[in-house]
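Biologist: Hey, could you walk me through this one? I'm new to it.

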Amino acid sequence: MLKSLAVVTACMLMLAIGISTHAALEGDVLQTSGGDLKIVRLGHASLMFEYGGKVIYVDPFSKMADYSKLPKADLILLTHDHGDHTDLGAIRKIRTGKTLLILTEACSKKVKGGSVMRNGDVKTVAGLKIKAVPAYNLVHQRGSGQPYHPKGRGNGYVIAFGDKNVYVAGDTENTTEMKALKDIDVAFLPVNLPYTMTGAMAVDAIKAFRPKIVYPYHYDLGKSELPKLKELMKGVQGVELRVPNEKGATAK
């Protein structure tokens, strides 16, 4: 009897911890024609969206959160196959038999059962229209002369939540395809060196496609281009820059 009571108590405690962790995740709320969209930055390149009763993750990464305590995924999107974007351990903790998975061809060699999207593809998944945008380097290269992210291997995604379009750029620089985007309400842009954009590159892209809200993401504080981005954005009108601890919160 005492053993049974202890087991029940432990289970209730674990459930309570899971609920409180989820409830503690702070995020921004964007109103759309289909209801509220909750945007949660989990850290690094990891994001969580809650919309229409569904939970959507992008690039879950175990170092950013305890995914065993987060809600199960209705949809997971993976931008490319690097370990901090395709983390099998994190994926296992939020994936169920009903979870839909969108990924690149390279990611599909690591994670089975997903639907491959190539650059330029458009699909409707879980009731959401999704477009795959090329994500690649123009300038930054490895010592071998190869780009950190070759063209054709990685995706960014434009996700339509009702009448609002959210662009998650993935690991990329200020490409022609990025700068040609239209009607973007929210953009997540990477600003970490040497792998993605400088602050100046990000601002160049922002001036071209004019998102309403920009979240810089995927950066390490020690190597961040964030100060330069913030300074350069002072001359850009009509675009709101949202940085962690200034508007919304990054839950870790």
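Biologist: What does the protein average in pLDDT?

Modeller: The average is 88, and 86% of the residues score at least 70; pLDDT is the predictor's confidence in each residue, from 0 to 100. Over residues 1-23, though, pLDDT is below 50, and that stretch has 7 contacts beyond near neighbours in sequence (contact means heavy atoms within 4.5 Å). Where pLDDT is low, the predicted coordinates should not be read in detail.

Biologist: Switching topic: how many aromatic pairs are there?

Modeller: A search of the whole structure gives 8. Rings of Phe, Tyr and Trp (its six-membered ring) pair if their centres lie within 6.5 Å; planes under 30 degrees apart are stacked, over 60 edge-to-face, and the rest tilted.

Biologist: Why is the pair Tyr148 and Tyr195 edge-to-face?

Modeller: Because their planes sit at 75°, with the ring centres 4.9 Å apart.

Biologist: And are those two buried or exposed?

Modeller: Tyr148 is buried at 14% relative accessible area, while Tyr195 is partly exposed at 34%. Buried means under 20%, exposed over 50%, partly exposed in between (1.4 Å probe, protein chains only).

Biologist: Which residues do ring pairs link into a cluster?

Modeller: Phe49, Tyr51, Phe161, Phe188, Tyr215 and Tyr217.

Note on methods
Residues are numbered from 1 along each chain as its sequence is written. This is a predicted model: local features need pLDDT of at least 70, side-chain atom pairs count only at pLDDT 80 or more; totals for chains, interfaces and linings use all residues. Side-chain values use heavy atoms; hydrogens and water are left out.
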